[in-house]
Amino acid sequence: MMDSSNRNSGHDDEWSNALKLTARDDGKKKGKQSIPDLPEFNQSKALADDDVRCGFGSYRPDWLQVFNNPKCLLFFLCAYCMILGFVVNGINNVNTTSIERRFNLPSAKVGLISSAYDIAAGILGVFVSYYGSGRNKARWVAGAGVIMAMGSLVMSLPHFTTGAYELGELDQSFCEHNGTSNTTTCAQDTETYLSNYLYVFILGQMLHGVGGTTVYTVGVALLDDSLPSQSTPLYLGILYGCSVLGPGLGFVIGGQFLSYYVDFDTVNTSSLNITTDDPRWVGAWWFTFLVCAILNLVVSLPLFAYGKELPSARYVSATRRSQAHTSSSHTAARVGEKGSLTDLLRVLYTLLMNPVFCFMTLSMLMEGLVIAGSATFLPKFIENEYKISASLAAMLTGIAVVPSAAGGQFVGGIITRKLKLDIRGAMKVCIVGVFGALVSSSVLWLKCDKEIISGIDRAYEGFNHTPYTVELTVGCNAHCRCSTDVFEPVCDPTGNVYFTPCHAGCSKDLGNGNYSGCACVKSPTFANSSVEVTSKGCRESCSLLYVFLSLMFVLIFFVFIPVAPGDSVQLRCVPEEHKTFAQGVKLLIVRLLGTVPGPILYGRLLDESCVVWREKCDSRLSCWVYDSNTMARNLFLLMIGTCIFSGLFLVLALRLYRPPETPDDSPKTEETVAKDDVEGDVREPIIAKGVRS
């Protein structure tokens, strides 16, 4: 076994040097004289307290203490956040199109599923951050991981409680002259109940929200408690970077599973007359939710082993200097010690009177609106704009999002760390990121030639077409009584595209997606055959797709640069004892006013650009065809507006920030720290006393 004394000695030197450097830098920035050397941090002495040792129950062996440091804690929190992002912002968003089609849901309602996570996380975050701001933070995070596992399991349940997917298989999409083949008998519709599963998905996402709000409030505070102040942005950059790796992996892996048929576990897929390129295709959206349930349980186990705090926590608190905005510093000692509702309201009032905290929160609100909405519908936007399958759109989105978002957060953190920026410097980094996103948002105007469909974008041959109207039913197919319940685009030899073989007036199905006897087709048949229209090769992908992805990479990179330095500012601009609760309040505002309406707003904008709806029994279900110009315009204006407001709030926060006028530049001695260890937990937030776990 490795010599534990050597390990502890190296760890002691690292933290002592880091803390000394931080203190000296603070003194230089304020024009003070050289600060006396700080006392050495001694890991071995800190581990003498059983409350900070790793273990389970009374079993706290020395070998487990190898993991009892901020770096190992960061590793486990990164794994936690990666799995959280994988399920919430990855596979959930990848499955948007499949869930819409499988459960007859429009985009606006599917947006509610993503918003349910933020509603639960926002509301519960205030209480979790308040009552979890004491000790035992690691176990709060671990318990939330178990609840997350339950949420993933709930998300997969609709697959096992519904019948086999039959949408598009029962209804024939070609024309029969008796006029009965495409008539839907509403009284016999067996799938009207499917839309009710929306509430099951909402429940699952709300359970996920418990895990998300805990790690981003209690977990972030636990990490910050044990770090020198200048190391926090780098650690948060790594943590948030890993949280983005999760969605990226979700897009790639989830996209791969969408290439498997939804009922591959019960149906012989070799007998299916449908491919992944078919608009009716629904992939195995449910399988990855089951995998996530298991992973959530696995990553929660090591977090249960951590003690009430890390060994370095008290030392960090004893030597840290406050950068809190002066308007709130004087109120910290007045907060009550009962952990009551009155104390909660007092602290809340203190935070809301802090202009830096408020404007930084409003800036993050704008960013959250864009990030949440884009993450939910970006794969759908790429799928419809560039005419590719849902699985390929998800995979390409993941490839573009993972390195850019993770890189943006890491770069934001490393710049703040390497330049040793204070609050003002960190806010300037945020402003640069927002400006870069503003300029890069023009990528949304990059689009391909529009797919021309007869009856939508052009007239049927021999018939007049009213501009800006949808006229899928004309004289040549009126007797077929075609519906928009199925979307199966077919094309004739000259390249004219029709919504379905029925809308082309085709009366004979030749198999393999080929049809003949098409009354609306005036061109000759394909060479050496009787085929008049075919479903193969009608939707060609656009050569601008990879240019778009490259420019989107740049846009996402700038969007995520402010995340780590912005969070660092919020941890520093409030009193130390308020920071955990401040994280909860921030998440409440950002989620309820930003990430909750974000997917709903984006879904509404997409629905507004819908040209042809899937209709059944006179009810609108999901959208088949979008107007690409309207879609691009709506998303661009929303992006520009949020960037402008985000930048404005950052400038106001920078102008209104007032650093402490008389900071305490006398670090505690080793005897003082030892005395604090005897008298009690010097770093436990006042608001949490009386409510310890």
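Let's start with a question: are α13 and α20 roughly parallel or roughly antiparallel to each other? Keep in mind that this is a predicted model. Now the numbers. The axes of α13 and α20 come within 9 Å. They cross at roughly 160°. Angles over 145 degrees count as roughly antiparallel. So α13 and α20 are roughly antiparallel to each other. And the hand? α13 passes α20 in a left-handed crossing. What does the contact of α13 with α20 consist of, by class? It has 19 nonpolar residues, four polar ones and two charged ones.

Next pair. Take helix α3, residues 70-94, and helix α9, residues 287-304. They pack at an angle of about 160°, and their axes are 10 Å apart. That angle makes α3 roughly antiparallel to α9. The crossing of α3 past α9 is left-handed. Who makes the contact? On the α3 side, look for Leu73, Phe76, Leu77 and Tyr80, among others. On the α9 side, the residues include Phe289, Cys292, Leu295 and Val299. By class, the contact of α3 with α9 holds 15 nonpolar and three polar residues. It has no charged residues.

Third pair. Helix α7 covers residues 198-225, and helix α18 covers residues 579-595. Their axes come within 9 Å and cross at roughly 150°. That makes α7 roughly antiparallel to α18. Is the crossing of α7 and α18 left-handed or right-handed? It is right-handed. From α7, the contact residues include Gly212, Tyr216, Asp224 and Asp225. From α18, they include Lys579, Gln583, Leu587 and Arg591. Now the classes in the contact of α7 with α18: five nonpolar, six polar and four charged.

How many cavities of 30 Å³ or more does the structure hold? Ten. I'll pick the second largest cavity, with a volume of about 170 Å³. It is lined by 16 residues. Closest to its centre are Asn384, Lys387, Glu451, Val625 and Tyr626. Find those five on the screen.

Which elements supply at least two residues each to this lining? They are α13 (355-386), β7 (619-626) and α20 (628-656). β7 gives the most, with three residues. And the classes? The lining of the second largest cavity has seven nonpolar, two polar and seven charged residues.

To recap the pairs. α13 and α20 cross left-handed. α3 and α9 also cross left-handed. α7 and α18 cross right-handed. That's it from me, thanks.

Note on methods. Residues numbered from 1 in each chain as written. Predicted model: local features only at pLDDT ≥ 70, side-chain atom pairs only at ≥ 80, totals over all residues. Heavy atoms only, no water. 1 Å grid on protein atoms, 1.4 Å probe; cavity = no way out; pocket = protein on both sides within 12 Å on 5 of 7 lines; lining within 4 Å. Points joined across faces, edges and corners; volume = space filled by probe spheres on them. Helix = DSSP H or I, 4+ residues; strand = E, 2+ residues; numbered from the N terminus. Nonpolar A, V, L, I, M, F, W, Y, C, P; charged D, E, K, R; others polar. Axes fitted to C-alpha atoms, helices over the stretch in contact; angles between N-to-C directions. Parallel < 35°, antiparallel > 145°, perpendicular 65-115°, else oblique. Left-handed = near helix turned anticlockwise from the far one by under 90°. Contact = heavy atoms within 4.5 Å.
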